[in-house]
Amino acid sequence: MGAPAAQLLLLLFACRWAPGGANLSQDDSQPWTSDETVVAGGTVVLKCQVKDHEDSSLQWSNPAQQTLYFGEKRALRDNRIQLVSSTPHELSISISNVALADEGEYTCSIFTMPVRTAKSLVTVLGIPQKPIITGYKSSLREKETTTLNCQSSGSKPAAQLTWRKGDQELHGEPTRIQEDPNGKTFTVSSSVTFQVTREDDGATIMCSVNHESLKGADRSTSQRIEVLYTPTAMIRPDPPHPREGQKLLLHCEGRGNPVPQQYLWEKEGSVPPLKITQESALIFPFLNKSDSGTYGCTAISNMGSYKAYYTLNVNDPSPVPSSSSTYHAIIGGIVAFIVFLLLILLIFLGHYLIRHKGTYLTHEAKGSDDAPDADTAIINAEGGQSGGDDKKEYFI
């Protein structure tokens, strides 16, 4: 066979068959289908189409070559299998509540001469179970190393496991895969080993399973861990700036797991301890200058102890601005401002009255100059009377 003939045969083969079972042949009577993937418990639809049916019906059969539907006629009594569409050019069926046993190659046939078929590969995904964490038994001590194990069964294909501590990713061992007894699904497991610190007290260790059947949904398990560690302490004065004659409380704020059960108070230069108590505060009912000095508080738990120091300087009893004096100062300022405004108002009012009173007196003076004197008017009136009876008297 020559090279041109071989190339022609290869071209015909490529045109005849396509990936996924799709048939690209020019044979119009050749049916075509597509491969399907479904999650266990879900529903899958199998669709078979043909362009030229040649007066024949389409048929679906399962991997065991049992006929499911011939045209619109049910052939297998399985209520999970239902007819979706039946026309001369298409036969579609659905399978609900799909099980792992339903996986396989389904065949669509058309009984022409010769009989033509198309294959549809149905892949069923096994959903992984919620993972289980083991290995944590009791509280851990600071700097202790621990190993946790995580396991999940039922995935198909095999799932992957990841670890996290809070928002931090933990690098565990690679996921181990083991086939389940059913021969279809897998059990996966992983371990993580890390050293704990006091910051890990109350932390949540999470194991998550990643699988395509979950479609991004979270499937994880968490384990809260407890870490025992030695205490720490800090001394806080109340009030923060103590003065002679005041009452003072020195609070020894202890932190640890377990929390400190005992507090030992000491003063440098004093041989016997000042106080051993379960209470965390040292009380000075009435401060004196002699109380000044360096004080130590030792917080004690069954995990150990920690000593904190505080230097007390007793200040003079001169008053320190308090909230009440500040309040009075604010009130005094407001009153002074109001008095100032009233003074300004009185000044303007007095200026206004003086100005208008001066204008009134000026007008009164002008009126007096234009009017005849009272004595002159009376004289004129008397003179007029002596001069004749036709004169009238005028009084002003």
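Mentor: Let's start with one ring. This is a predicted model, and in it Tyr295 has a relative accessibility of 2%, so it counts as buried.

Trainee: Which residue does Tyr295 form an aromatic pair with?

Mentor: Its partner is Phe284. Phe284 is buried too, with a relative accessible area of 9%.

Trainee: How do I read a pair like that?

Mentor: A pair of aromatic rings is described by the distance of the centres and the angle of the planes. For Phe284 and Tyr295, that's 5.5 Å centre to centre and 85 degrees between the planes. An angle over 60 degrees counts as edge-to-face, so this pair gets that label.

Trainee: Where in the chain do Phe284 and Tyr295 sit?

Mentor: Phe284 is in strand S23 (residues 281-284) and Tyr295 in strand S24 (residues 293-301), eleven residues apart.

Trainee: How many aromatic pairs are there by this rule?

Mentor: Two. Phe70 and Phe111 make a tilted pair, with 6.0 Å between centres and 50 degrees between planes. Phe70 lies in strand S4 and Phe111 in the loop between S8 and S9, 41 residues apart.

Trainee: Are Phe70 and Phe111 buried or partly exposed?

Mentor: Partly exposed: Phe70 has a relative accessible area of 36%, and Phe111 comes in at 41%.

Trainee: What about the nonpolar cores? Which residues touch the most other members in the largest one?

Mentor: Of its 20 residues, those are Leu46, Leu58, Trp60, Ile93, Ile95 and Tyr106. Strands S2 (44-49) and S7 (90-95) are among the elements giving two or more residues to this core. A second, separate core has 19 residues, including Phe194 and Val227.

Key. Residues numbered from 1 in each chain as written. Predicted model: local features only at pLDDT ≥ 70, side-chain atom pairs only at ≥ 80, totals over all residues. Heavy atoms only, no water. Core = buried A, V, L, I, M, F, W, Y, C linked by side-chain atoms within 4.5 Å. Buried < 20%, exposed > 50% of the residue type's maximum accessible area, 1.4 Å probe, protein only. Helix = DSSP H or I, 4+ residues; strand = E, 2+ residues; numbered from the N terminus. Phe/Tyr/Trp six-rings, centres within 6.5 Å; stacked < 30°, edge-to-face > 60°.
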